[in-house]
Amino acid sequence: MNKVLGIIFIAVAFAVGMYLGGGSSKPVITTSAGGASYGGGYDKNADADVNSGNKTTTALAERTANGKTHIVNPGESIMEAVKAATPGDTIQVMPGSYHETVYIDKDDIRIIGVIKEGKRATMDGQGKLNDAILYSGNNIVVQNMLITKYKGNAIMGQAGNNFEIRDNIIVDTGVYGIFPQLGKNGIVEGNVISGIEDAAIYVGMSDNIHVSRNEVFDSVAGIEIENSRHAIVENNYVHNNTGGILAFITPGLPIKTTFDVIIRDNFIVNNNTANFGAPGSTVAGIPAGTGILIMAADEVIVEDNIITGNKTAGIIITDHENAPNTTIDPEADSKPDKIMILNNLMMNNGYDTIDEAKALMLTEFKQGQPDILRVGTSRDSCIINRHRYVTVGVNDWAECSFTNTDAIDTYILDEPVPPREIKGSEKGKIAYLGICTGCHTYTGRMIGPPVQIIQALYMDNPRGLADYIANPVKKRDDYPEMPPQNYLDEETRLAVAEYMLSRTN
Ligand code: HEC
């Protein structure tokens, strides 16, 4: 947090002049029953995916209607059933224990755990396996599973559209619980997720997403909307994490924006768990006790949440410049603009806040426990009923011109969107940034060895590198094993190898 400290003292000098006389007179009281609604930032008519004429709907309905059901019993393998399945099929997994990683690289596959008298189909990584379910197909459903003790991801999607991840229980599965990446038109609903080192639900580089009715707890980040657009996060119970709900831009990824995120009707309670994120990761910089964190994201609406007992602050809004563990990406706008805070119930937040917040409060002659803390620059933001909260840095925000988001039910589309076309030339870059950089950096040791070392080993041999990642063997005593990347198809493995070898930073 050192970085925050330095910058804040510079900010103080400006702020004192700005906020003098701010405290003030007659509060503007705004009811959200009635009044104008936020119009939303999504225009279906302007969406090339929706209007491409590449309609998959009929075909999907037909394929699913004619689909077969495969039953997997304990002692059998879910992966074998996926291999035997054709698009449109359903795989029913009977209660019992399964120790495996399942890759789904075809479309229209549904994996449904059968629950019998409370017993679930349980995927148990036994602390050894990296991932439980990885999909790259479209129209994938994963439902009613219990997933535990994996080291990497419970359910991760790579570029699959129209996904539905529902009603799963995920306990202690390493870095990410549910992690759809580069997906469009997807639902994450009714899951119970706990004990995750990074984000329990991590929506990355995705569009048109609905995250609702989940319970997430005992994790570093509860729900994370990252480099994604048109997302609604509603009716979730988010408690006892380090940070509750996050909307932000991670610098350096191929998709550079996060905007149009509605965070509403959530319970965001007691997110005070000491940060146990991997050192250096973005989430390792979250101060324990953060209810909602908005970093560099634009058009984020916070409405009708119950936000209580988060010891640092109920809502923190920051730019990249003031945030710990982030770099500046010249291609990404580092400022959180158009943040809109409507009515929320906030109580007992900020009771043990960080020194930086206290220092900022002094500049506004405020005392007490901060509900809302804004650091750095934020343009065109607004708030209603600001007198209800202890706030820092929002005195100069406008009154919002609307009071609710009633006009927007969902950003989920009536019809599935066609599969994402990733150009051959983009495949390597996206896989590298989305997967490899989680464990490898250019110069330094992270979970895996530095890219520079790898370049020295494989400089003229991208094929050899591609073969290694499909089937890694243990090479170094002082590193863990690298998980196999054989869920990437051969073309992508070669593309990512070439991309890794071409890096210069
Ligand atoms: C979950 C962490 C993780 C991810 C993700 C990961 N790696 Fe690794 N990687 C490792 C570790 C750990 C090692 C060291 C393994 C050893 O030496 O036994 C390693 C080693 C390597 C090596 C060295 C092989 C050799 O011959 O010495 C290459 C090449 C490599 N990774 C490429 C990649 C590529 C390409 C990606 C992305 C598609 C990737 N890795 C993703 C953890 C990871």
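This is a predicted model: local features need pLDDT of at least 70, side-chain atom pairs count only at pLDDT 80 or more; totals for chains, interfaces and linings use all residues.

Me: What makes strand 4 and strand 33 the edge strands?

Reply: The open sheet has eleven strands in parallel pairing, in the order 4-7-10-13-16-19-22-25-28-31-33. Strand 4 (102-104) and strand 33 (391-392) each pair on one side only, and are the edge strands.

Me: How do you know that strand 7 and strand 10 pair?

Reply: Pairing requires at least two bridges. Strand 7 (residues 131-135) and strand 10 (residues 153-158) have four bridges, in the parallel sense, and therefore count as paired. Ile-133 stands opposite Ile-155 in strand 10.

Me: Which residues come nearest the ligand, and which helix gives the most to the shell around the ligand?

Reply: Among the 26 residues around the ligand, Cys-436, Cys-439, Gly-448, Arg-476 and Met-482 come nearest. Helix 6 (451-458), helix 7 (462-470) and helix 8 (490-502) are the elements giving two or more residues to the shell. Helix 7 gives the most, with three residues. The shell divides into 17 nonpolar, five polar and four charged residues.

Me: Why are the buried residues of helix 7 said to line one face?

Reply: Pro-462, Leu-465, Ala-466, Tyr-468 and Ile-469 are buried in helix 7. Seen down the helix axis, the buried residues of helix 7 fall within an arc of 160°, so they line one face. Helix 6 and helix 8 are included in what covers the buried residues of helix 7.

Key
Residues are numbered from 1 along each chain as its sequence is written. A residue is near a molecule or strand if its C-beta atom, placed from the backbone, lies within 6 Å of it. Ala, Val, Leu, Ile, Met, Phe, Trp, Tyr, Cys and Pro count as nonpolar, Asp, Glu, Lys and Arg as charged, and the others, Gly among them, as polar. A residue is buried if 20 or more other C-beta atoms lie within 10 Å of its own, exposed if 12 or fewer, and partly exposed in between; C-beta atoms are placed from the backbone. The arc is that of the directions from the helix axis to the C-beta atoms. Two residues are in contact if their C-beta atoms, placed from the backbone, lie within 7 Å.
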